[in-house]
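Morning, everyone. Let me put the structure up, and then we will walk through the fold.

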Amino acid sequence: MIKKRILIIGSNGMLGQRLANYYNELPNVELLCTSLEDESYMPKLQYAKLNLQNKQEIKKTIGNFYPDIIINSAAYTNVDKSESERELAWNINVTAVEHIAQAAKAFDSHVIHISSDYIFDGLNGPYSEADKPNPIGYYGRTKLASENALKTSGVDNTIIRTNVLYGIAKYGRPDFVKWVVDSLSSGREINIVNDQINNPTFTDDLVAAINKIGEFKKLGVYNIGGPEFLSRFEFTIKIAGWFNLDKKLIKQIKTAELNQPAARPLKSGLITLKAESEIGYKPMPIEDTFRIMKNEIFK
Ligand SMILES: NC(=O)c1ccc[n+]([C@@H]2O[C@H](COP(=O)([O-])OP(=O)(O)OC[C@H]3O[C@@H](n4cnc5c(N)ncnc54)[C@H](OP(=O)(O)O)[C@@H]3O)[C@@H](O)[C@H]2O)c1
């Protein structure tokens, strides 16, 4: 059996963990996982440390493994800190992507890169793949620049835009759903914005879409999001309802009240019709995703 060689960059991250978990189970895949830390969160993986700020390390890792597919789920993801740590955010989110593309081209690898709805201004979402980007924060600017770097690199590439990821993340920081459940279960009041609209994306739906895109070698831009468009407040109410928690602890606020360093796109979200028709993308109903999370992490 000829195995597909898949390199996951950022395998310790929230999405990266689920990708690693998924591909590790497939018999026809030779997997190499990389992240910034010395070790993988998940034991028994073929793992190498890869610092994306080091061009030679990128070249060497790709050159030694010669992957068929490279999935880049690594990024500098702190939206607020991106405003003050601009050089670092640019190095990881843009320069590293240029270096990945350069090295990948030499081996005819297919690069699948994860981007964000933060490339849009959030004035009139939800957005299709054809809508014009206009980032309002530095993080969004780096993500848009990463897309452009790939598009002009000449490497076979797919850009997957997603928004508000949630799901099973056994290691690292808790995802939004776990944070809400943990907070409400311990009787803590939480302030949630009611003016940011998205279609929250279950990481396992995104993983399934990435796998299809790799399998059928679909190139170009694809939106991947959840089945429902709702405000963060409405999403939180849904979580509380399903997990039987006290909704009175959830206080509504406006984004502006948070005084965050970075502006947020408010009326956002991603239309997924292209992925639905071209790769048969079908996100799970939100309630089903909560059930899966309950079985896996709230046992
Ligand atoms: N989370 C969301 O709601 C969301 C929404 C839209 C788009 N996205 C995009 O989806 C992708 C995955 O997001 P995520 O939430 O899974 O991110 P995350 O949990 O913050 O993980 C990011 C990963 O990047 C790695 N990384 C950071 N700096 C690095 C460096 N210098 N060298 C090598 N690796 C480095 C981290 O490695 P270590 O863990 O080893 O330090 C980590 O594994 C990103 O491209 C993000 O922009 C996320």
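One term before anything else: two strands pair if DSSP finds at least two bridges between them. Strands here are DSSP runs of E, at least two residues, and helices are runs of H or I, at least four, both numbered from the N terminus.

Now the ground rules. This is a predicted model: local features need pLDDT of at least 70, side-chain atom pairs count only at pLDDT 80 or more, and totals for chains, interfaces and linings use all residues. Numbering runs from 1 along each chain as its sequence is written.

Start with the sheet. It is open, with 7 strands in the order β3-β2-β1-β4-β5-β6-β11, and the pairing is parallel. β3 (47-49) and β11 (220-224) each have a single partner strand, so one side of each has no neighbour in the sheet. On average, neighbouring strands are turned by 20 degrees against each other, direction ignored. Axes are lines fitted to C-alpha atoms, for helices over the stretch in contact, and angles run from 0 to 180 degrees between N-to-C directions.

Look at β5 (residues 110-116) and β6 (residues 157-162). They pair in the parallel sense over 6 bridges. What stands opposite His 113 in β6? Ile 159 does. Helix α5 (residues 138-151) packs on the sheet here, touching β5 and β6. The direction of α5 makes about 155 degrees with that of β5. Contact means C-beta atoms, placed from the backbone, within 7 Å.

Next, two helices. The axes of α2 (residues 55-65) and α4 come within 9 Å and cross at roughly 35 degrees. In α2, Lys 55, Ile 58, Lys 59, Ile 62 and Gly 63 meet Ala 96, His 99, Ile 100, Ala 103 and Ala 104 in α4.

Now the inside. A residue is buried with 20 or more other C-beta atoms within 10 Å of its own, exposed with 12 or fewer, and partly exposed in between; C-beta atoms are placed from the backbone. Buried residues make up 47% of the 299. A nonpolar core joins buried Ala, Val, Leu, Ile, Met, Phe, Trp, Tyr and Cys residues through C-beta atoms within 7 Å. The largest has 74 residues, and Ile 8, Ile 71 and Ile 100 are among those touching the most other members. Helix α4 (residues 86-106) gives the most to this core, 9 residues. Leaving aside neighbours within four places in sequence, Ile 71 contacts Ile 6, Ile 8, Ile 9, Leu 19, Ile 112 and Ile 210.

Note on methods:
Contact = placed C-beta atoms within 7 Å.
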